[in-house]
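Please open the model in your viewer and keep the selection panel at hand.

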Amino acid sequence: MLNLKCPKCGAGFDFEPVTQLTPQDFHEKELVEGSLNCTRCPECGATLNVPVKVIYRDSVRPFFLCLDPARIPEERIPEVAAKFDEWATTAALEHQVQRSVVRLVFTRQDFIEKIYLHRLGYDDRVIEFAKYQLFNEGIQGGNYNFREHHLLYDFGHQDQKTMGFIIFDKKLGRPIRIISVPRQEYDALVDEIRSNPELMHELDRCFPGCLVDVDMLFEKLLSQKE
């Protein structure tokens, strides 16, 4: 239970946030709409978005996803991720269970994307590597780049022959375009990675821990060139 203070009228009130989700107890509608962990001040009616950590855990197909909305300084993100990975390994050893696939994200959009990729059976590392290739190709001639734009898998895409990606403008804070990629190109990439041990090793090298994100990959590669 949290004790909140309304930023508009100053009234204090209690609120019980949702901090854990499972495939059986998935607040899908609220999460997608952005109303999860939103409440109203009982005095003035102002809407408050309560930033709390939320965990999504799948015990059947071991998967542990954490949304941390705290404004972590960029230079501290690798340290936070390393501690999270260490905690996951230690917990698995202590309980003598298989270590879950562990992911850490910092935005609601990324949290939603990871949940749906897991539910659909995708390897999110391959998806992020595909995004990397799309950025390097200029994302179909639009001259988009990872510093100003974010690519998100479009889980509402209906065409079975293509995969959809949403281009999200970071400055505007909203989607600006949807693109389609032939599904056969993605399938060919998956087959190539699975059949080539060197490519699989490269994928592990690109995404060695819980931070599986194309932006982090770009930053990592750029720092290696300096």
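Select helix α4 (residues 124-136) and helix α6 (residues 183-195), which pack at an angle of about 115 degrees with their axes 11 Å apart. Helices (H or I, at least four residues) and strands (E, at least two) are DSSP runs numbered from the N terminus; axes are lines fitted to C-alpha atoms, for helices over the stretch in contact, and angles run from 0 to 180 degrees between N-to-C directions. This is a predicted model, in which local features need pLDDT of at least 70, side-chain atom pairs count only at pLDDT 80 or more, and totals for chains, interfaces and linings use all residues. Residues are numbered from 1 along each chain as its sequence is written, and side-chain values use heavy atoms, with hydrogens and water left out.

Next, display the side chains between the two helices. V126, I127, F129, A130 and Q133 of α4 meet Y186, L189, V190 and I193 of α6, contact meaning heavy atoms within 4.5 Å.

Now select the open sheet of 3 strands, ordered β9-β10-β11 with antiparallel pairing; two strands pair if DSSP finds at least two bridges between them. The edge strands, each pairing on one side only, are β9 (149-153) and β11 (174-182). On average, neighbouring strands of this sheet are turned by 30 degrees against each other, direction ignored.

Zoom in on β9 and strand β10 (residues 162-169), which run antiparallel and are joined by 5 bridges. Pick H150 to find its bridge partner in β10, F168.

Finally, return to α4, which lies across β9, β10 and β11 and runs at about 135 degrees to β9.
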